[in-house]
Amino acid sequence: MDSVAGLFLRELMFQYRGLGPSDSVPEACYALAERLDLPVGVHVGLGPPGAAYLATPRYRASLSNPLLLEETLIRHPKLRLYVMHAGWPMLDEMLALLYGHPQVYVDLGVISWILPRKEFHRYLRRLVEAGFGLRVMFGSDQMLWPQGLRIAIQAVETADFLTPAQKRDIFYNNAARFLRIPRHTNPLAFTWLLCQRPNPRMQPTGRRGRGIPLGRHPPSPRCGT
Ligand SMILES: [Zn+2]
């Protein structure tokens, strides 16, 4: 079947239900996504602190291991999958998955604004210096606070270990390649990377910027509208 243009599946949050990638429901979703050639974003990694004691009692941190996706990728070699939150904090496992499976991308949603800046930069730097800078996509996954979007953008802008070209790749080019966005498409179409439904339990803890110029990047979309 030809690609279903303009559609993708995200955020698949099986981890919050205590389901690993090989369980029947996730497996059915991945099989369908492969058959329809749909890009898929999978939640891997951090949830709200204490998630298993809040509204998602089946959440397990042990399902944060990106390598749990390996058998899925092998069963579905045409699956276009990206690991959300870049699998933080499982860096070594994330690097191993990226190395072993060149079709996999990651995004920086949530970790770009919720982590202390130094930790975010350390994580991003390792991803890039390990050779995967062309498979890292910007993301905010911002759910409630528009100011968090600025924090996320600033977190990448202030990464002094990145060249301007690497920042452009992260902000746009890598996602355009992954999603097969035509070259003439307006970057504002990428608002999908920047908005998600509200989650009042999560608060940004990263260093907050004030009056951060958005520069060449598109203006902030109004999330939830
Ligand atoms: Zn998530």
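**Close-up views of a predicted model**

Over residues 193-225, pLDDT stays under 50, and the model has 62 contacts beyond four places in sequence for this stretch. Please keep in mind that this is a predicted model. At the other end, residues 1-5 also have pLDDT under 50, and seven contacts beyond four places in sequence are found for them. For the protein chain, the mean pLDDT is 84, with 78% of residues reaching 70 or more.

**View 1. The whole chain holds seven helices and five strands.**
Starting at the N terminus, you can follow the elements in the order β-α-β-α-β-α-β-α-α-β-α-α. Of the 225 residues in the protein chain, 37% are buried. Take the contacts between residues at least 6 apart in sequence: 78% of them join residues at least 24 apart.

**View 2. Five parallel strands make an open sheet in the order 1-2-3-4-5.**
Which strands stand at the edges? They are strand 1 (9-12) and strand 5 (136-137); each has a single partner strand, so one side of each is left without a neighbour in the sheet. In general, side chains in a regular strand alternate between the two faces of the sheet.

**View 3. Strand 1 pairs with strand 2 (residues 39-43) through two bridges, in the parallel sense.**
Look for Leu 12, whose bridge partner in strand 2 is Val 42. Between strand 1 and strand 2 the chain passes through helix 1 (residues 24-36), and this β-α-β crossover is right-handed.

**View 4. Strand 4 (residues 105-107) and strand 5 run parallel and are joined by two bridges.**
Here Val 106 stands opposite Val 136 of strand 5. Val 106 also belongs to the largest nonpolar core, where it is one of the residues with the most contacts inside that core.

**View 5. The largest nonpolar core contains 50 residues.**
The residues with the most contacts inside this core are Tyr 82, Val 83, Ala 86, Val 106, Ile 111 and Met 137. In soluble globular proteins, nonpolar side chains tend to be buried together. What is Ile 111 in contact with, leaving aside its neighbours within four places in sequence? The answer is His 85, Ala 86, Trp 88, Phe 120 and Tyr 123.

**View 6. The loop between strand 3 and helix 3 holds Ala 86 and Pro 89.**
Ala 86 is not a glycine, yet its phi is positive, at about 50 degrees. This residue counts as buried because it has 32 C-beta neighbours inside 10 Å. For background, most residues other than glycine have a negative phi, and most peptide bonds are trans.

**View 7. Helix 3 (residues 91-100) has Met 94, Leu 97 and Leu 98 as buried residues.**
These residues cover an arc of only 95 degrees around the axis, so they sit on the same side of helix 3. Their cover includes helix 2 (70-75), strand 3 (80-84), strand 4 and helix 5 (117-132). Turn to the face away from the buried side of helix 3 and you will find the exposed residues Tyr 99 and Gly 100.

**View 8. His 101 lies in the loop between helix 3 and strand 4.**
Why does His 101 count as partly exposed? The reason is that His 101 has 18 C-beta neighbours inside 10 Å, whereas a buried residue needs 20 or more. In space, His 101 and Ile 74 are 8.8 Å apart from C-alpha to C-alpha, while in sequence they are 27 residues apart.

**View 9. Helix 5 buries Phe 120, Tyr 123, Leu 124, Leu 127, Val 128 and Phe 132.**
An arc of only 130 degrees around the axis takes them in, which means that they are on the same side of helix 5. The elements that cover them include helix 3, strand 4, helix 4 (111-114), strand 5, helix 6 (146-157) and helix 7 (164-179). Lys 118 and Glu 129 are exposed, on the face of helix 5 turned away from the buried side.

**View 10. Asp 141 is in the loop between strand 5 and helix 6.**
Asp 141 has a positive phi, near 55 degrees, although this residue is not a glycine. Is Asp 141 buried or exposed? Asp 141 counts as buried because 27 C-beta neighbours lie inside 10 Å.

Note on methods:
Residues numbered from 1 in each chain as written. Predicted model: local features only at pLDDT ≥ 70, side-chain atom pairs only at ≥ 80, totals over all residues. Pairing = 2+ DSSP bridges. Helix = DSSP H or I, 4+ residues; strand = E, 2+ residues; numbered from the N terminus. Core = buried A, V, L, I, M, F, W, Y, C linked by C-beta atoms within 7 Å. Buried ≥ 20, exposed ≤ 12 C-beta atoms within 10 Å, placed from the backbone. Contact = placed C-beta atoms within 7 Å. Arc of directions from axis to C-beta. Right-handed = clockwise from strand over helix to strand, strands pointing away. pLDDT = per-residue confidence, 0-100.
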